[in-house]
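Trainee: Please show me how to read the main features of a protein model.

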Amino acid sequence: MRLSEALMLVKNNSAIEAASFRAFFVCGSMPLHLQTFLAARLHLAYPQRRIEVQTGFYGDFLGNLERLMRHPVDCGVVLLEWTDLDARLGLRSLGGWRLADFTEILDQVHTRLAHIEETIVGIAQHSPVVACLPTLPLPPIQPSLATWNAGVFDLQLRQHLYSFALKLAKNQNVKIVNPECLDRISPPGDRLDAKSEVMNGFPYKLLHADSVAELLSHLVQSPAPKKGLITDLDNTLWKGILGEIGAGQISWDLDHKSHMHALYQELLRSLATTGVLIAVASKNEPTQVEEAFGRRDLILGKEHIFPFLVHWGPKSGSVTRILEAWNIGAGSVVFVDDSPSELAEVKAAHPEIECLQFPADPQEVYNLVIRLRNLFAKGPVSEEDAIRLASIRSLSHFRTETEAFGVVSERFLEQAESELTHSLSKTSWDPRVLELINKTNQFNLNGIRYTENDLRGFISHPQSVLLKTSY
């Protein structure tokens, strides 16, 4: 995003007459353009909310954290840099690059990180927090080593930092930007603007500032994950056309240069264990598909898939039946196929479905796997997630029996072993509550959708009541 675009988004957002979304942005540098990019990205995440991004004072990172502690908001946004841990680790404050200073710097960093951790944990008790670890390079502080040599001092600094991050990541109300993801969209060698840092106290190149704001806004928003994936078989789940070469010749291994199909299978099996629904929509002979799934080396087994729709009719019809079996909307589903025409046919019938082409190039397959992981990311796996597929299968048997007899048989009800429980506890965060509140048509009768931050804020209110009923 260009700065001019961000400024226009912020200007448009200021005219919105709606409930505000308040974020407090904590950093030690001048916020400047980073504050603008963050406000613009949050506007894209919450287009119906008026965005307010508060900031603290320049050079007072710890003081800004304390201000956030005293003023609860919808979300705290924390950007930590090396200079916030010790001023000598930046360009504007020098006077400590002697070997004798290194031990003192390490002790200072360790002490400062402990204080920051304690403060963020305190903030997280009333406001969710998203944080980003240092994104800028360390200065060439070790005179005896070339910059390509990882010295003990550098590694000890990072050891302290990652120990701090690990402790925070275990807090269910704190989320941390993945440094590897930031590296992909903002190359580390193209982040620091030394001139701007020295002249203005703003150390970031604009593209990097936008990248940081983008990932922070993703963590703030926590977009609703997709719930189901419908996959093709030939040249998607495996390499080869089943009807042409037979079940014994289709492949997903290194020897046949088809290993990326195995990677795709591995992802689907992993998603299935987190409660994501997996189904098959394929134009094939059912007997041949049955033979293929009888192979013991198949990574994604039949036990992970429901339903199987294998016939020669349009795939859009299969998708319709799968959505009915799952009882979810097309907007919560991804359809993966290697054929552009099949994707177009399904998209025409179900405009809300996310249609993705399975590519032939291994690098593009890897990119697809990354995209699917992000689409289905959901955080902690609940007990309901673990039993979702079995529940869907049981519901299918229930429907079959109801259609056959017109009523539910007593034998079915006896075998159901029904149990109804109620809870009024608010002591722990339960993502299933948010999922059910927002569930389309079935539970949400007023049409209002809530974010994770909305619900956390409501639950933390001393006069609120949370009733959970489980069947």
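Mentor: Of the 36 residues in the largest nonpolar core, W238 and L372 touch the most other members. This is a predicted model, so local features need pLDDT of at least 70 and side-chain atom pairs count only at pLDDT 80 or more, while totals for chains, interfaces and linings use all residues. Residues are numbered from 1 along each chain as its sequence is written, and side-chain values use heavy atoms, without hydrogens and water.

Trainee: What is a nonpolar core, and which element gives the most to this core?

Mentor: A nonpolar core is a set of buried Ala, Val, Leu, Ile, Met, Phe, Trp, Tyr and Cys residues joined through side-chain atoms within 4.5 Å; buried means under 20% relative accessible area with a 1.4 Å probe, protein chains only. Here α10 gives the most, seven residues. Helices (H or I, at least four residues) and strands (E, at least two) are DSSP runs, numbered from the N terminus.

Trainee: How do strands of a sheet pair, and in what order do the five strands of the open sheet lie?

Mentor: Strands of a sheet pair through backbone hydrogen bonds, either parallel or antiparallel. DSSP must find at least two bridges between two strands for them to pair. In this open sheet the order is β2-β1-β3-β4-β5, with parallel pairing. The edge strands β2 (50-55) and β5 (174-176) each pair on one side only. Four bridges join β3 (residues 75-79) to β4 (residues 129-132), and V77 has V130 in β4 as its bridge partner.

Methods. Buried < 20%, exposed > 50% of the residue type's maximum accessible area, 1.4 Å probe, protein only.
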